[in-house]
Amino acid sequence: MSGPAASLCILGIGNTLRSDDGIGAWVCRRLAHLPLKNTVIEYAHQLQTEWLATLSSYDTVILVDARADDGEEVLFQTLGVDTGPFTTSSHYLDAGILATLAGGLYTLSPAFRVCSIPGYDFSLGEGLSPGGMQKAEEAFGILRRWLAANGYLSEPADG
């Protein structure tokens, strides 16, 4: 953090009408009830370049999103700059590409982190699957502890 003016944006990504795809929004709704300092919570149906100008004004950005692979672990990691070949469409933007574009287009680029949460059911429907709910709760705990350890949470992170 760069002092008391340090700022954080947490961006929950996903479609809440496609079951576990809405995990990012669910976690962010829980985080929004915490006594956070210098933090803004946003939601996006999809990650697109329109977010670049907004996100570049923060010191740190955390992207919270579901993933549909065979992994069972909630991953919370720093996002590196992607220098490989870009494959994008008008409907999808990779988080690494977003970080690279932010660094290339703006003189001050935020530190990007990604919280990637396993999802199990991406069919039409509101609400999370039982497995998705368990992983969402786990991700909430991980993020809450990180927020406390980095001075964004006004109360202890236990619980």
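These notebook entries record what I looked up in the predicted model shown above.

**Ground rules.** I am working from a predicted model, in which local features need pLDDT of at least 70 and side-chain atom pairs count only at pLDDT 80 or more, while totals for chains, interfaces and linings use all residues. I number residues from 1 along each chain as its sequence is written, and side-chain values use heavy atoms, with hydrogens and water left out.

**Overall layout.** I first listed the secondary structure, taking helices (H or I, at least four residues) and strands (E, at least two) as DSSP runs numbered from the N terminus. The protein chain has four helices and five strands, and from the N terminus on I read the order as β-α-β-α-β-β-α-β-α. Of its 159 residues, 46% count as buried, where buried means under 20% relative accessible area, exposed over 50% and partly exposed in between, with a 1.4 Å probe and protein chains only. I then looked at contacts (heavy atoms within 4.5 Å), and among those between residues at least 6 apart in sequence, 76% join residues at least 24 apart.

**The sheet.** Next I traced the strand pairing, for which DSSP must find at least two bridges between two strands. The five strands form an open sheet in the order β2-β1-β3-β5-β4, with mixed pairing. Because β2 and β4 (75-78) stand at the edges with a single partner strand each, one side of each is left without a neighbour in the sheet.

For orientations I used axes, which are lines fitted to C-alpha atoms (for helices over the stretch in contact), with angles from 0 to 180 degrees between N-to-C directions. I see α1 lying across β1, β2, β3 and β5, at about 140° to β1, and α4 lying across β1, β3, β4 and β5, at about 155° to β5.

**Helix α1.** I asked how enclosed α1 is, and since seven of its nine residues are buried, it is largely enclosed by the rest of the structure. The buried residues are Ile23, Gly24, Ala25, Trp26, Val27, Cys28 and Leu31, and they pack against β1, β2 (39-44), β3, β5 and α4.

**Nonpolar cores.** I counted as a core a set of buried Ala, Val, Leu, Ile, Met, Phe, Trp, Tyr and Cys residues joined through side-chain atoms within 4.5 Å. The largest has 25 residues, and those with the most contacts inside it are Ile10, Val27, Leu31 and Val64. At least two residues of this core come from each of β1 (8-13), α1 (23-31), β3 (60-67), β5 (111-118) and α4 (130-149), with α4 giving the most, six residues. Leaving out residues up to four places away in sequence, I find that Val27 touches Val64, Ile117, Ala136, Ala139, Phe140 and Leu143. A second, separate core of 13 residues includes Ala44, Leu55, Tyr58 and Leu63.

**Ser129.** Last, I looked at the loop between β5 and α4, where Ser129 is found. Ser129 is buried, with a relative accessible area of 12%, and its contacts, not counting residues up to four places away in sequence, are with Asp20, Tyr120 and Asp121. The side chains of Ser129 and Asp20 are joined by a polar contact of 2.7 Å, a term I use for a pair of N or O atoms within 3.5 Å, where within protein one must be able to donate a hydrogen and the other to accept it, and residues adjacent in sequence count only if both atoms are side-chain atoms.
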